[in-house]
Amino acid sequence: MDVFACQLHEADTDLVIVSAAEEQVSELERWSAATGGEIGRAVQSGEFTGKLFETFLTPIVASDFRARRLAAVGLGPRSAFTIDRARRAATAIALTARQKKTGRIAFAADGALNTPDMIQAIAEGLTLAEFDAGRYKTTDYEPFALRASGIIASAQARHVAETAARRGRLIGEHCNMARQLDNEPGNSLTPPVFAARLSEVAQDGGLSVDVLDAAELERLGMGMLLGVGRGSAEPPRLVVIRYEPAGAPTTPVLGFVGKGITFDTGGISIKPPLDMDRMKDDMAGGAAVACAMRAIAALNVPIRIIGVIPIAENMPGGRAIKPGDVLKSASGKTVEVVNTDAEGRLILGDALWYAQRLGATHLVDIATLTGAITVALGRITTGLFGTPPAFVEHVRAIAERAGDRCWPLPLFEEYKDQLRSEIADMINTGGRPGGAITAALFLQEFTGGLPWIHLDIAGTSWADENKPFMPKGPTGVGVRTLIGVAEKMGEWELESKNRI
Ligand code: BES
Ligand code: MN
Ligand code: ZN
């Protein structure tokens, strides 16, 4: 990400982007002369009012400008402006520019936007707009390779701006990496292939990786992960990624656990055909963990992290588990599988147990876990669960700034009655009422009482309509939150020590 420490007209780019909140839209009139009166006319006529994500493009006629076009993006009312709105506005205008094939773009971070946090968010937003979903198209496809966006920041903040822009680009690229994996169809991303792709991601980032095969899972007694994998011709895997930076304290050790179902047919409790294709993204949590860890390593965050990603394909093959089957988890607990479509919690239960065995002191899992979370929170908000409550609030605030909205739901123990089995320790689904909550309570049984966060991203991992700031398809939700959790772990430790 280039940083131009200069005036707007001096920036060596094809399109310059300016922005304005609704109350400040008249300030854009200072670019009227440069645009042959166009921007002034647009402001006067109400064509451009500064409404959130509103865009306006015009040629530049002034010969002292290096750019040939100017774009304006609205930031909405000043009182409602946030870091996430800056990020989204940057994506919105960059997507517009991309459609118009404008070439190199540079976003002017002036006024309230000229802070490190804002510059980072703008760099993230510009990078997110580069995501390219079309790699399997053979016609009508123009590969998108533009990596020429920049930020115009005032001269005195140059080094600060460069660091912030570099961080933003890096974080945005890792979100796009996760989106790329989410987009991959189930036939090309089988469990062994997904495990290999995650190893590549991790090894390229200098992280150490272990891939456990079915025989090793057998030795560890992971009956739930093996059970889910049994209906498929493709064997399950468990990927373990370790980040142990030199000089990091021995504790805390974060355990990131991500659901890695490469395709979820539902198994014998098979899903209806409508929208079943979306189930290729049932590994979005696993991809988020690996990509976030790679970013964390690149940012040199001084904290130990263990990533555990259980991977399987949920299929109704001849050897598949059947409703009523009892599985024994690695932790020793037994589970009666009343619905084979509630497979995520099964594989995550074994993975949460393993993360503890490897030394995790704090657990964060992320999973496309339940359709019920979409009933509760829609497609805007990720479901947030966990304990203790202060840790949940800590993560909620991080996610908010990261642009991954999430909201807490309760884990009242009365709900646990819904998981009672006649023949085993638990059943694997609590029925329709509070379905996202009973799924979270099932996971909690495998957390060993450690501080724990569960993010249910079933409603948020995939956008099913185009938004100005997010095209249809994989969103990369959770990547920025996990990075934030790692970066703020030191702060949490300090705070929680002071609380006791
Ligand atoms: N992968 C699904 C959850 C899901 C649903 C993700 C829709 C994205 C969009 C999960 O494995 C599942 O099938 N959950 C069941 C649980 C039920 C059987 C208790 C569900 O939500 O229907
Ligand atoms: Mn399922
Ligand atoms: Zn699933």
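Analyst: A salt bridge is a side-chain nitrogen of Lys or Arg within 4 Å of a carboxyl oxygen of Asp or Glu. By that rule, three salt bridges cross the interface of domain 1 and domain 2. This is a predicted model, where local features need pLDDT of at least 70 and side-chain atom pairs count only at pLDDT 80 or more, while totals for chains, interfaces and linings use all residues. Side-chain values use heavy atoms, without hydrogens and water.

User: Why is the pair Arg 401 and Asp 117 called a salt bridge?

Analyst: The closest N and O atoms of Arg 401 and Asp 117 are 2.7 Å apart. The pair therefore meets the rule, since the limit is 4 Å.

User: What makes up domain 1 and domain 2?

Analyst: Domain 1 covers 2–175 and domain 2 covers 183–499; the bounds come from an automatic or database domain assignment. In the contact (heavy atoms within 4.5 Å), domain 1 has 20 residues and domain 2 has 23.

User: What is the area buried between domain 1 and domain 2?

Analyst: Buried area is the accessible area (1.4 Å probe) that two parts lose on being put together, summed over both. Here the value is about 1900 Å², with 61% from carbon and sulfur atoms. On the side of domain 1, Arg 88, His 174 and Cys 175 supply 30% of the area buried against domain 2, more than any other three residues.

How values were computed: Residues numbered from 1 in each chain as written. Chains lettered and ligands numbered in written order.
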